[in-house]
Each structure stands twice: as C-alpha cells, then as structure tokens.
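This report describes a single structure in plain terms. Please look over the sequence and the model before reading on.

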Amino acid sequence: MISLFRATNFRCLESVELELAPRFNLISGVNASGKTSLLEALAYLGRGKSFRGASTPQLTRHGEGDFVLFGELEREHGRTSVGVRNSKDGLEVRIGGEDSPGAAALAEILPLQVIDPEVHNLIAGGPELRRRFLDWIAFHVEHDHLMIWRRFRRALKQRNAALKARSGEAVIRSWNAEFTDLAEKLDESRKAVLELTLASLQEHGRALLETELEFAYQRGWPKEKGLDEALNDNIERELQMGSTQAGPHRADLRVVYDDRQARKLVSRGQQKLLASAMILAATETAQAALEKPLLLLLDDPAAELDSDSVGRLITAVSALGCQVVATSLDPRALVFPEAPKMFHVEHGTVTAADQVISEPVNKGD
Ligand SMILES: Nc1ncnc2c1ncn2[C@@H]1O[C@H](COP(=O)(O)OP(=O)(O)O)[C@@H](O)[C@H]1O
Ligand SMILES: [Mg+2]
C-alpha cells in the first residue's frame with residue numbers, strides 16, 4: 001500500500017504530494033489538467049517505465065533536467081521508502097534509502113496494474129502484450145521466472161546473431177540445446193500461470209461481459225513437434241530471415257469466445273471490458289501469491305463504457321481488495337462501495353478534497 005506519493009518535474013507536475021487512502025482514491029480534473037500524468041508517475045515508481053511508452057525527455061517537465069518520484073509504502077513489517085530519479089544519465093532507484101539496481105526491484109516492492117484507455121490493445125493488438133500479460137503474473141508467482149526469462153532472451157539474441165552472421169549450421173545448432181532448455185522452462189512457467197489464473201479469468205469474464213471465456217495458450221512452435229525438431233526443420237528459412245522462427249518469443253494467449261461475443265467484440269468498449277477482466281484476474285492471482293494488496297490504477301475507466309459497464313467494472317475492482325487510484329473527468333461517474341479520497345488536479349497542481357463531492361446531481365432538468 002502506498003500511503004504517500006511525491007512527484008517533481010514529471011510531465012506537467014512541477015511538485016505534487018498526495019496522501020493516499022488505503023482503498024479508494026479518485027482524481028478528477030478537466031482535460032489536460034494532469035490526471036493521466038499523475039497515474040503515469042505512480043506507475044513509473046513501480047515499473048521504472050511509462051505505461052504510455054514515453055521516453056525520459058518526454059516525461060521530464062519542459063525546461064528541467066530530471067524528474068524525481070518518491071513513495072512511502074506501508075508493508076507488513078513497517079514502512080519502506082522508494083525513490084526514483086531519472087535524467088539523461090539514466091535511472092537511479094533507491095529502496096529503503098539504499099541504491100538498488102534496476103526496475104525489477106521496483107516491481108517487486110510496488111506491484112501494480114493499470115487499466116487505461118489503451119487497455120483494449122491487450123485484445124486488439126499483437127501477441128507481445130499478451131505474452132507480457134502472462135509473464136507479469138509469472139514474475140510475481142513463479143520464483144525464478146525472471147531469471148529464466150532473462151537467460152532465454154540472451155540465448156535468443158545469441159542464436160539470432162549467429163543466424164544473421166550466417167554462421168554454419170553446426171554453429172547455429174550448437175546454440176539449440178541451451179535455447180530449447182530455457183524455452184521449455186519458460187513455456188512450463190507460462191502454462192502453469194495460465195492454469196492458476198484461469199478460474200479468475202472466467203469469473204471476471206462472466207462478471208464484466210456475461211460470457212463464458214476460454215483461453216488457449218499457443219507456445220510458439222507446432223503442437224506435434226519438439227522445439228529442437230521445429231528449429232532444425234526451419235533452419236533454411238531462419239538463415240534467410242536472420243532470426244529464430246520458433247520458440248516462446250512467438251507465443252500467444254488466444255481468447256476463445258462464442259459467436260455472440262465475437263460479434264460484440266468489434267466494439268472498443270467490449271474489448272476494453274474483456275481486457276479489464278484479464279487485468280483484474282492477473283491482479284487477483286498475483287495478490288493471492290504475494291499475500292498483499294496490489295495497487296490498481298484506473299485511468300479514465302468511464303471512457304468508452306456505458307454506465308452499466310462502468311458500474312460492473314468498479315464493482316469487480318472493489319471486490320479485489322486492492323488499493324485503487326482512479327481518474328475521471330466527472331467524479332460522479334465512478335461509484336465505489338465506500339467514499340473514495342478525492343483529489344482535484346488543475347494545471348498540474350493537486351489538492352485533496354476532504355469531503356466527498358457534495359454537489360447534488362441536477363434535479364431540475
Ligand atoms: N514533459 C512535459 N512538460 C510539461 N508539460 C507536459 C509534458 N508532457 C505533457 N505535458 C502536458 O501535461 C498536460 C496534462 O496531460 P495529461 O496528464 O495527459 O492530462 P489529463 O489526463 O488530465 O487529460 C498536457 O497539457 C500536456 O501537454
Ligand atoms: Mg488523461
């Protein structure tokens with residue numbers, strides 16, 4: 001749980017400080033006031049990167065040389081601070097007052113998920129996002145997933161380099177043993193994670209879309225073949241392409257639904273609901289494994305959704321028991337089971353409103 005958050009020179013936020021509530025926080029403000037920037041800053045503290053895919057110069061407030069983010073986390077055994085500074089010299093991370101290497105440490109200490117207006121890409125976009133979706137769960141659930149994933153990436157790079165250099169087949173084959181060993185481990189770990197998450201995926205599918213969902217994991221090489229065989233069969237094509245054509249870097253997670261759902265899924269709103277169901281299931285699964293509430297960031301969840309769907313989404317979010325920070329143009333569009341802590345953003349400045357918005361909905365018209 002993050003209780004205190006500060007951001008300095010992050011996008012339009014010159015210097016903001018928020019005391020966050022443990023359950024529900026709601027940030028409102030007009031267009032371009034800085035709502036998404038605030039969530040992006042929070043997410044950056046737990047990921048070391050932007051969920052909008054922005055670079056450090058884009059994230060740094062115009063005219064400044066660096067940005068700094070700071071959070072105080074309430075944990076089972078007391079408080080920890082986490083700080084991030086980024087400039088053209090690179091990312092500096094401090095956890096509990098000590099220098100810490102890299103973004104993985106951030107993800108471990110402040111695990112979070114994001115549902116933003118681009119979330120439909122998890123359904124509509126390419127397989128990379130869906131692989132990342134599985135790998136995120138695996139990172140939190142399976143102890144050595146990250147290590148295996150990194151070693152696999154390295155083996156893939158080396159094998160690809162050998163293909164590009166048009167090394168002899170013997171040289172390329174010499175990489176196969178390590179490559180397939182790591183590929184199979186990665187594959188096992190993803191399959192295990194999907195099995196672990198499946199019930200939650202289906203439950204959230206029912207809650208948000210009133211539909212039965214099935215998920216098919218495609219491992220990235222043919223069902224009937226071992227990876228080694230698939231590599232050997234393909235070697236001429238691989239030499240032509242200069243890259244490895246089979247393996248878990250080609251995997252996908254296919255969502256299987258009925259015809260009725262397929263017709264509806266041309267709508268971006270439905271895609272958003274389906275993607276949100278997946279994010280909630282991932283959050284629930286990681287949360288159960290880590291035995292602590294995660295942080296869930298909802299950027300403009302009301303966008304693209306009718307009010308019934310928003311209601312179902314917020315109900316499902318609330319049932320997870322995680323810490324929520326949501327944004328909305330109109331704070332009344334999001335109804336939580338208990339009054340959220342309210343913040344108002346204006347030109348990159350944040351004020352906390354202690355009162356729930358009291359302004360009544362117009363009765364006259
Ligand atoms: N690096 C930056 N420095 C200063 N302002 C920025 C920077 N990047 C974006 N902005 C500005 O921040 C404002 C807030 O954007 P955003 O957080 O997306 O608003 P909202 O989500 O409230 O609509 C925009 O006006 C944008 O131009
Ligand atoms: Mg926004």
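Ala, Val, Leu, Ile, Met, Phe, Trp, Tyr, Cys and Pro count as nonpolar, Asp, Glu, Lys and Arg as charged, and the others, Gly among them, as polar. By that division, the shell around ligand 1 has two nonpolar, nine polar and three charged residues. The model is predicted: local features need pLDDT of at least 70, side-chain atom pairs count only at pLDDT 80 or more, and totals for chains, interfaces and linings use all residues. Residues are numbered from 1 along each chain as its sequence is written, while chains are lettered from A and ligands numbered from 1 in the order in which they are written.

**Ligand shell**

Ligand 1 is surrounded by 14 residues, and the closest are Cys12, Ala32, Lys35, Thr36 and Ser37. A residue is near a molecule if its C-beta atom, placed from the backbone, lies within 6 Å of it. Helix α1 (residues 35-47) gives the largest share of this shell, three residues. Helices (H or I, at least four residues) and strands (E, at least two) are DSSP runs, numbered from the N terminus.

**The sheet**

Six strands make an open sheet with antiparallel pairing, in the order β2-β1-β4-β5-β6-β7. Two strands pair if DSSP finds at least two bridges between them. At the edges are β2 (13-19) and β7 (98-100), each of which pairs on one side only. Direction ignored, neighbouring strands of this sheet are turned by 15° against each other on average. Angles run from 0 to 180 degrees between N-to-C directions, and axes are lines fitted to C-alpha atoms, for helices over the stretch in contact.

| Strands | Bridges |
|---|---|
| β1 (residues 2-10) and β2 | six bridges |
| β4 (residues 66-75) and β5 (residues 78-87) | 10 bridges |
| β5 and β6 (residues 90-95) | six bridges |

Individual partners can be named: arginine 6 is bridged to glutamate 17 in β2, arginine 75 to glycine 78 in β5, and valine 84 stands opposite valine 93 in β6. A hairpin with two residues between the strands is formed by β4 and β5, and β5 and β6 also form a hairpin with two residues between them.

**Helix packing**

How do α1 and α3 lie relative to each other? Their axes come within 6 Å and cross at roughly 110°, so the two helices are roughly perpendicular. Angles under 35 degrees count as roughly parallel, over 145 as roughly antiparallel, 65 to 115 as roughly perpendicular and the rest as oblique. Leu45, Gly46 and Arg47 of α1 meet Ala103, Leu106 and Ala107 of α3. Two residues are in contact if their C-beta atoms, placed from the backbone, lie within 7 Å. This contact of α1 with α3 holds four nonpolar residues, one polar and one charged.

Helix α5 (residues 127-141) packs with helix α10 (residues 268-290) at an angle of about 10°, the axes being 9 Å apart. The pair is therefore roughly parallel. On the α5 side the contact includes Phe133 and Trp136, and on the α10 side Met278 and Ala282 are among the residues involved. Its residues divide into nine nonpolar, two polar and no charged.

**Leucine 231**

Leucine 231 lies in helix α8 (residues 227-241). Is leucine 231 buried or exposed? Leucine 231 is buried, with 24 other C-beta atoms within 10 Å. A residue is buried if 20 or more other C-beta atoms lie within 10 Å of its own, exposed if 12 or fewer, and partly exposed in between. Leaving aside neighbours within four places in sequence, leucine 231 is in contact with Asn176 and Ala246.
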